[in-house]
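Please open the structure in your viewer and keep the selection tool at hand.

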Amino acid sequence: MKLNKKNISLFIIFLFLGSIIGSLFWEVFERIIHLIPGCSGFTLTMDNPLILLDMYVLLVGLRANPGTLIGLSGGIILFFRI
């Protein structure tokens, strides 16, 4: 599918969902690695989250990891393959 004004919202949805799914799968992968004896110190996730929205009562942040980038690239590939 070619990117144009009509489908830019679909492209953004694919990017968002890809980054969320990739981040979740990477977190599961790291937790499985932590179960292996001797691999408890393995992590590639950022220590401090990226603050996206901070309203005194509500805080929305993102802890980026390699799965985020893999999910973003997967969303881009899936969009252009449709």
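Predicted model: local features only at pLDDT ≥ 70, side-chain atom pairs only at ≥ 80, totals over all residues.

Select helix 1 and helix 2 (residues 66-81) together: the two pack at an angle of about 145 degrees, and their axes lie 7 Å apart. Helices here are DSSP runs of H or I with at least four residues, strands are runs of E with at least two, and both are numbered from the N terminus. Axes are lines fitted to C-alpha atoms, for helices over the stretch in contact, and angles between N-to-C directions run from 0 to 180 degrees. The crossing of helix 1 past helix 2 is right-handed; that is, the near helix is turned clockwise from the far one by less than a right angle.

Next, display the side chains where the two helices meet. From helix 1, the contact (heavy atoms within 4.5 Å) is made by residues including Phe14, Gly18, Ser19, Gly22 and Trp26.

Residues are numbered from 1 along each chain as its sequence is written, and side-chain values use heavy atoms, with hydrogens and water left out.

Colour the chain by pLDDT, the predictor's confidence in each residue, from 0 to 100. The chain has a mean of 84, and 96% of its residues reach 70 or more. Confidence is highest in helix 2, at a mean of 91, and lowest in strand 1 (residues 50-55), at 75.

Return to helix 1 and select its two end C-alpha atoms, which are 41 Å apart; this agrees with the 40 Å that its 28 residues should span at 1.5 Å a residue. The expected span is 1.5 Å times one less than the number of residues. Among the buried residues of helix 1 are Phe11, Ser23, Glu30 and Ile33, and helix 2 is part of what covers the buried residues. Buried means under 20% relative accessible area, exposed over 50%, and partly exposed in between, with a 1.4 Å probe and protein chains only.

Now select Ser19, which belongs to helix 1 (residues 8-35). Is Ser19 buried or exposed? Ser19 counts as buried because its relative accessibility is 12%. Beyond residues up to four places away in sequence, Ser19 touches Thr68, Gly71 and Leu72.

Move along helix 1 to Ile13, which is partly exposed at 44% relative accessible area. Its C-alpha atom lies 9.8 Å from that of Phe79, although 66 residues separate Ile13 and Phe79 in sequence.

Then select Lys2, in the segment before helix 1. Lys2 is exposed, at 71%, and contacts Asn7 and Phe79 when neighbours within four places in sequence are set aside.

Finally, select Leu53 in strand 1. Leu53 is partly exposed, at 36% relative accessibility, and touches Leu58, Leu59 and Val60, not counting residues up to four places away in sequence.
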